[in-house]
Amino acid sequence: MTTAAGISGPETNAAVLAELEGLCDRVPGLTGALVASGDGLLLVHALPATIEPTGMAALAASQLALSYRLVTTAHGGGFREVVVHGSSGYVVIYAAGWTSLTVLADPEVNVGRLHLESRPAATAIADMLEATKTRPQR
């Protein structure tokens, strides 16, 4: 599990990485997580070695954009999350301020537990990253 150089700064990336790792530890069946900007820039990840992080960040941003467009067209509201359920597991993308939290899980994961833990994690990550955006530069 590693961190990518991001625009948020090393201490924030370390805190976000700790949040991702804690999330992976708390949810049985969660196999990885990443945080990316809306345009697909990878900020931090805790993914297995079998998944290329920057490619996954780009795919998550693409799905986020499509899901945002779908929900605003259908209901006029803002995007919160999208669940993709495949035969080999789940990919769930949560809105997290100007970023998104993407989590990967096994097919046997308890989806309710996944949401129960991931939604507050997305909010915490958004708060951490927003605090660095508004912090005065030295």
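In which strand does Ala-96 lie? Ala-96 lies in strand E4. Keep that residue in mind; we will return to it after a tour of the chain. One caution comes first: this is a predicted model.

Start with the overall layout. The protein chain has 3 helices and 5 strands. Along the sequence they follow the pattern α-β-β-α-β-β-β-α. The chain holds 138 residues, and 43% of them count as buried. Its accessible surface comes to about 7300 Å². Carbon and sulfur atoms make up 58% of that surface. Now look at contacts with a separation of 6 or more: residues 24 or more positions apart account for 52% of them.

Next, go inside. The largest nonpolar core has 26 residues. Leu-20, Val-35, Leu-101, Val-103 and Leu-114 touch the most other members. Several elements each supply at least two residues of this core, including helix H1 (10-26), strand E1 (30-37) and strand E5 (99-105). Helix H3 gives the most, with 6 residues.

Leave out residues up to four places away in sequence. Val-103 then touches Leu-23, Leu-30, Gly-32, Ala-33, Tyr-90, Val-91, Val-92, Tyr-94, Leu-114 and Ser-118.

Ala-33 stands opposite Ala-46 in E2. Strands E1 and E2 run antiparallel, joined by 4 bridges. Together they form a hairpin, with 4 residues between them. In the turn, Gly-40 has a positive phi of about 95°. Why is E2 described as largely enclosed by the rest of the structure? Because 5 of the 5 residues of E2 are buried.

Now back to Ala-96 in strand E4. Is Ala-96 buried or exposed? Its relative accessible area is 1%. Buried means under 20%, so Ala-96 is buried. Which residues does Ala-96 touch, not counting residues up to four places away in sequence? They are Leu-101, Ala-122 and Ala-126. Ala-96 and Ala-124 are 28 residues apart along the chain, and their C-alpha atoms are separated by 8.2 Å.

Terms used: Residues are numbered from 1 along each chain as its sequence is written. This is a predicted model: local features need pLDDT of at least 70, side-chain atom pairs count only at pLDDT 80 or more; totals for chains, interfaces and linings use all residues. Side-chain values use heavy atoms; hydrogens and water are left out. Buried means under 20% relative accessible area, exposed over 50%, partly exposed in between (1.4 Å probe, protein chains only). Contact means heavy atoms within 4.5 Å. Accessible areas come from the Shrake-Rupley method with a 1.4 Å probe; for residues, only the protein chains shown count as cover. A nonpolar core is a set of buried Ala, Val, Leu, Ile, Met, Phe, Trp, Tyr and Cys residues joined through side-chain atoms within 4.5 Å. Two strands pair if DSSP finds at least two bridges between them.
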